Amino acid sequence: DMRGGVGPEVKRSTLLEEFRASKLRNFELADIVEHCDEFCRDQHGSRFIQTKLEIAPPSETEIVFEALLPTALSLMTDLFGNYVVQKFLERGSQEQRSALAKTMQGRVLQLSLDMYGCRVVQKAVEVVDGEEQAVLVNELQGHVMKCVRDQNGNHVIQKCIERSAPATIQFIVDDFIGQVVPLATHPYGCRVIQRILEYCGHSQVINVLNEIVESTRDLVFDQYGNYVVQHVLEHGQQDDRSNILMRVRGNLVAMSQHKFASNVVEKLLQFSSPDSRHVLLEEFTGESQGQPSILIMMRDAYGNYVIQKALDVCQGADRERLISCIKEHMVAVRRFVYGKHIIAHIEKLESGYKADGREGRNCRMPGPPGRDRGGFSPHRDRGMYNQGDRGRRDMGMPPPGMQGMHGQFFSPHVQ
């Protein structure tokens, strides 16, 4: 068992007790070398070592490292000890990093599934290069699905995708073939698929893309799958967007009224070509179930945001056509709960045109106050969900504390 630690039932050494109690003595790293392991496992001792490693000369850090190395594997899964190991990986010499990487060999899977060990593995993948990195990553071959579905392991897989050469992680992409849909609808799997689409070349992930496109109609209504489709729309190629639009065409009004699928419609509006955007407007300004589609959408809690997005991104004749269609139903719009937002949106656009002294064919106005149109960008937020004002929707977020674990860790040093 790699786990260790100094808990309430463990008797502390006299030196550690003195360190914790003393307000006067000025401790240095040299003072605690013989008790290095114990200090690493103590909250205050770990914080002390991390602080000193920031400023200590190489000769002093080397002494501490030599004292730490024999128990480094156990420290990697310790509540406080893992931070000291991470600090050495981050600030240590190349030789020290290599020694720690060698210590991890044969235990990468076990560490990756551990709450604290996964953080050390991620840091190692981040700081070691070439063959040393490949050796660590390759230990996950045959265990990809186990890691992806694990609350700790999925972050390690994401870090491997972000930091490794495409050839090194080809086995991860290969394991996904035939499993894309169940993974895209999994709270952790959807993140890993997004990292693959983001960091791998188009030719490397073409089979993954094809599975996403073929299942678009199901994924857009899923609380996790919709993020994967959004990612393809935002970061994919124009052919990918066209293929997705082809799958959902004729169902856009219904999608606009759905908690999750409406996000996808907004991304279609935002990132599609003008010709594809014209297809969306055809449905918005047509009829659905014997009623004007525009009315159905404007009175819906989600659909009204789709209309506002359309007003933002459409240009020229398309925008004028949309505004004209809305104004045909202005009496009804004023009675809708969300109608005032759409009316205010149009008024802002039109006042912008006048202020600009133009007909307004190219004027882009912001949305309603407080509405961040940034959308979901895992590239920008390193795997965290960023839905702007999406407080209006329960997005099926992963459990608290699981977001952004890869690369953004709690550190007792700054607590």
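1. Let's start with helix α1: its face turned away from the buried side carries the exposed residues Thr14 and Ala21. Please keep in mind that this is a predicted model.

2. On the buried side of α1, which spans residues 14–21, you will find Leu15, Leu16 and Phe19. Looking down the axis of α1, the buried residues fall within an arc of 95 degrees, so they line one face of the helix. Their packing partners are α2 (29–32), α3 (36–40) and α4 (43–53).

3. Now to the charged pairs. The whole structure holds 19 salt bridges. One of them joins the side chains of Asp78 and Arg41, at 3.8 Å from N to O. This pair links distant parts of the chain, 37 residues apart: Asp78 sits in the loop between α6 (72–75) and α7 (81–91), and Arg41 in the loop between α3 and α4. Asp78 is buried, at 2% relative accessible area, and Arg41 is buried too, at 7%.

4. Lys159 and Glu126 also meet in a salt bridge, 3.1 Å from N to O. Here helix α13 (residues 153–163) supplies Lys159 and helix α10 (residues 117–127) supplies Glu126, 33 residues apart. Lys159 is buried, with a relative accessible area of 4%, whereas Glu126 is partly exposed at 24%. Both belong to a network of salt bridges that links Glu90, Lys123, Glu126, Lys159 and Glu162.

5. Finally, take a look at Arg321 and Glu282, whose closest N and O atoms are 3.1 Å apart in a salt bridge. Arg321 is in helix α26 (residues 316–327) and Glu282 in helix α23 (residues 274–284), so the pair ties together parts 39 residues apart in sequence. Arg321 is partly exposed, at 31% relative accessible area, and Glu282 is partly exposed at 40%.

Conventions. Residues numbered from 1 in each chain as written. Predicted model: local features only at pLDDT ≥ 70, side-chain atom pairs only at ≥ 80, totals over all residues. Heavy atoms only, no water. Buried < 20%, exposed > 50% of the residue type's maximum accessible area, 1.4 Å probe, protein only. Helix = DSSP H or I, 4+ residues; strand = E, 2+ residues; numbered from the N terminus. Arc of directions from axis to C-beta. Contact = heavy atoms within 4.5 Å. Salt bridge = Lys/Arg side-chain N within 4 Å of Asp/Glu carboxyl O.
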